[in-house]
Structures are given as C-alpha cells and as structure tokens.
Amino acid sequence: MNNAIERTPELKTRLPAVGTTIFTVMSGLAAEKNAVNLGQGFPDFECDPRLVGAVTEAMTLGLNQYPPMAGVAVLREAISAKIFKLHGRKYAAASEITVTAGATQAIITAILAVVHPGDEVIVLEPCYDSYVPNIELAGGVAVRVPLTPGTFRPDFHKISAAITANTRAILINSPHNPSATIWSEADMLQLQEILAPTDILLISDEVYEHMVFDADKGQIHQSAVRFPGLAARAFIVSSFGKTYHVTGWKVGYVAAPAAMTSEFRKVHQFNVFTVNTPVQYGLSSYMADERPYLDLPAFYQRKRDLFREGLAKTRFKLLPSEGSYFQCVDISDVSDLNESDFCKWLTSEIGVAAIPLSAFYGDGFDQRVVRFCFAKKDETLNAALERLAKL
Ligand SMILES: Cc1ncc(COP(=O)(O)O)c(C=O)c1O
C-alpha cells in the first residue's frame with residue numbers, strides 16, 4: 001500500500017499583486033444576473049463565413065502540421081504587403097514579421113526579449129491589464145505615467161520626466177483601451193522627438209488599428225510604422241482577433257526591425273514556438289481581400305453612433321469615442337457610488353455590465369468613469385439601451 005502523504009509544496013508567487021480581475025468578477029455577475037454583457041471586449045456576432053471557409057479548406061488540404069517558427073511565409077508576406085500599402089514602410093517578411101498567439105503573447109514576448117532585471121519600462125495608465133505583470137515577470141520595473149485624467153491625452157512633460165538612464169522601453173496603445181482615444185500625428189511626432197536621443201525601445205500596441213472613426217474629419221490611424229524614428233525602435237503589435245471578429249482564435253503579429261525581431265524570435269521559439277497552421281493559411285488567403293479591414297471603421301462607427309444616440313438620452317456624460325470598440329461615460333450625474341460598486345449595481349439592478357476604469361490603474365484611481373463595449377449585435381445594444389434608459 002502506498003502511504004505517501006499528499007501534499008502540494010508551498011508556492012512563492014511570481015505575481016503577488018495579481019488576483020481575480022474585475023473582468024472575471026463582472027462577467028460572472030453578468031451571467032448570474034442575466035445582464036447584457038457590455039463589459040468584456042469581444043464581439044457577440046459571427047465572423048465572415050468566408051474566413052471560416054478559408055481555415056476549413058486549409059485543414060481539409062492537410063495543412064495541419066507544425067508551421068515555420070516565425071509563421072507561414074504566405075501570411076508574413078500578406079502582413080508585410082498590407083503594412084506597406086497602408087503606412088509605406090517595407091518590413092521583410094523573412095526577418096521582420098513574426099506571427100504570434102495573439103497580441104498578448106506578442107507583448108509578453110517582446111518584453112521578455114528586451115527587458116533585463118532592473119530595467120524600467122514606462123506604461124501610460126490607464127492601460128491593458130497584462131502590461132505591468134509582463135514587465136514584472138521579466139524582472140523589470142513598471143514606471144506608471146498617467147494619461148491626463150478627463151481627456152486621456154498623453155502628457156509629454158510627465159513622460160519625459162519619467163525617463164531615466166534605466167529606461168529600456170515605453171509601451172503605447174492607440175486606439176486606446178479603455179479610453180477610446182487615438183493619438184494624433186502631433187502626439188507621435190512628439191514621442192519621436194523625445195525618444196530620438198535615447199536608446200529606449202517602443203512597444204506599440206495597435207490591436208485596434210482598423211477601428212479609427214470620423215475619417216471625414218481627417219482622422220486616421222497614426223501607426224508608429226509611419227514615423228521612421230519610431231519604427232526603427234518599435235515592436236508593432238496587432239491582432240487578427242480584433243480585426244476579423246475572431247478574438248478566440250488568438251492570432252496576431254509583430255513587425256520590428258531585423259535586429260529586434262531576431263531577439264524577439266529567441267524568446268518566441270521557446271515560448272509558444274509557433275502558431276497553429278490552418279488558421280495562418282486561412283488568414284493569409286482571406287487577407288487577399290482588403291475590404292473586410294477597410295470597411296471595419298464604418299461598420300463600428302455605425303454601432304458607436306447607435307449606442308451614443310441611446311446613451312445621450314440618459315444622464316451619463318459621454319466621453320469621445322475616437323477609436324477602438326469602447327465607449328466611456330462619466331457616471332457622476334447618475335450615482336454617488338464609486339466606479340466598481342457602480343458597475344456591480346448596474347449589472348445587478350439595471351441588468352447591464354460595464355467595466356470600471358479604475359481596473360486599468362495600479363492604484364485603483366477612481367474618476368467616476370466606466371467603459372462599455374459596443375462590439376455587439378444591434379439587438380444586444382438596443383436591449384442594453386432599453387435598460388439604461390431608466391437612468
Ligand atoms: C489594448 C489591448 N492589447 C492587447 C489585447 C490582446 O489581444 P489578443 O486577444 O490578440 O491577445 C487586447 C484585448 O483586449 C487589448 O485590448
């Protein structure tokens with residue numbers, strides 16, 4: 001008889017500050033209360049059946065074994081051609097583009113590739129929740145610089161002041177989750193000027209690149225690719241999940257100069273090694289048609305406008321939504337609760353889930369603003385608006 005005592009050894013956590021996130025809490029509450037879930041950022045509608053067909057065809061053709069480590073060549077070439085067409089910079093498919101398991105893996109891989117223990121990395125808060133834990137896993141120190149409360153514009157005085165001899169990298173994100181703001185050409189030029197005399201690398205999270213609204217007012221996505229002084233030091237990160245309504249497929253990519261890509265791939269190789277083959281082939285043939293991503297701003301702008309029109313009838317104060325699929329509102333005329341309690345109340349009592357902006361700050365900074373996601377069927381948005389009309 002085996003008398004061994006079953007005992008899991010005590011663990012010393014690598015990430016003591018990480019617990020259950022508000023996203024999990026809100027989604028659980030939304031399900032329990034049967035609320036309309038405008039909290040988590042993913043579409044509740046199907047992707048283009050042609051894309052599913054393209055992936056199915058790749059599987060049927062037997063493209064089911066390991067692809068090359070950096071991604072299948074045809075997909076890297078399609079990505080390179082797209083970036084050149086949109087932004088005018090040529091990335092070599094062989095040495096400067098890597099296909100990743102979504103943007104999340106791209107970002108942690110870039111950080112692990114370049115951040116050494118003790119290095120500082122500037123993050124602009126509020127920010128996507130993986131950035132800071134990623135930096136900490138690399139042994140780096142996250143230096144949190146706030147975007148200007150209220151407008152969420154970058155404060156270049158504060159960014160400059162945060163730079164030290166130990167700064168290894170800065171992470172930016174436009175269009176921005178959660179604030180739905182976009183960086184202007186002037187913003188990018190200013191960042192370029194600040195970084196020019198330094199060896200600071202840029203990680204530019206551009207997962208919402210194809211969701212920039214109000215083209216009639218001259219708004220475009222100011223990718224870091226367009227600014228040679230930035231592109232030469234940048235990991236450009238994007239996500240097919242966002243662009244093609246397939247967040248669950250977890251495929252994205254990184255474009256970066258060859259020397260940076262070489263370091264990136266050293267980590268990528270021993271991290272995921274590579275990304276699933278048929279989805280890569282499917283994406284590459286689907287990308288031959290540029291309409292799906294060129295039509296995306298109009299597709300989401302219509303949803304944004306529908307949602308904003310409904311919200312305008314409530315006592316929420318609407319913040320601008322320039323890009324991404326988010327809409328933020330100021331709750332101060334609706335409730336005295338803090339953001340987090342308000343979101344719980346809104347989910348339980350009104351039946352609509354939202355996310356507090358405080359979840360995107362290390363210190364839980366509360367400015368009475370919450371985020372809704374409008375990447376939903378019109379009927380879902382209308383159902384939410386009907387409930388919110390009570391406010
Ligand atoms: C700003 C930002 N970066 C990265 C990601 C992750 O993208 P992926 O699903 O491709 O890993 C998200 C997803 O919500 C995001 O909002």
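What volume does the largest cavity have?

## Largest cavity

In this predicted model, the largest cavity has a volume of about 90 Å³. The structure holds three cavities of 30 Å³ or more.

The lining of the largest cavity consists of 14 residues. Those nearest its centre are Leu-124, Leu-147, Ile-172, Asn-173 and His-176. Strand β5 (residues 167-173) supplies the largest share of this lining, three residues. Sorted by class, the lining of the largest cavity has 10 nonpolar and four polar residues, and no charged ones.

## Second largest cavity

The second largest cavity holds about 60 Å³ of space. Two elements, α3 (73-87) and β7 (234-239), each give two or more residues to its lining. The most comes from α3, with four residues.

The residues that line the second largest cavity include Lys-82, Ile-83, Leu-86 and His-87. Also among them are Glu-206, Glu-209, Ser-223, Val-225, Ile-236, Ser-238 and Tyr-253. By class, five of the lining residues of the second largest cavity are nonpolar, three are polar and three are charged.

## Phe-299

Helix α14 (residues 296-311) contains Phe-299. Is this residue, Phe-299, buried, exposed or partly exposed? Phe-299 counts as partly exposed because its relative accessibility is 31%, between the limits of 20% for buried and 50% for exposed.

Leaving aside residues up to four places away in sequence, Phe-299 touches Phe-45 and His-245. Phe-299 and Ala-375 are 76 residues apart along the chain, and their C-alpha atoms are separated by 9.8 Å.

How values were computed
Residues are numbered from 1 along each chain as its sequence is written. This is a predicted model: local features need pLDDT of at least 70, side-chain atom pairs count only at pLDDT 80 or more; totals for chains, interfaces and linings use all residues. Side-chain values use heavy atoms; hydrogens and water are left out. Buried means under 20% relative accessible area, exposed over 50%, partly exposed in between (1.4 Å probe, protein chains only). Contact means heavy atoms within 4.5 Å. On a 1 Å grid over the protein atoms alone, a cavity is a set of points where a 1.4 Å probe fits but cannot get out, and a pocket is an open set with protein on both sides within 12 Å along at least five of seven lines; lining residues have an atom within 4 Å of a point. Grid points are joined across faces, edges and corners, and a volume is the space filled by probe spheres set on the points. Ala, Val, Leu, Ile, Met, Phe, Trp, Tyr, Cys and Pro count as nonpolar, Asp, Glu, Lys and Arg as charged, and the others, Gly among them, as polar.
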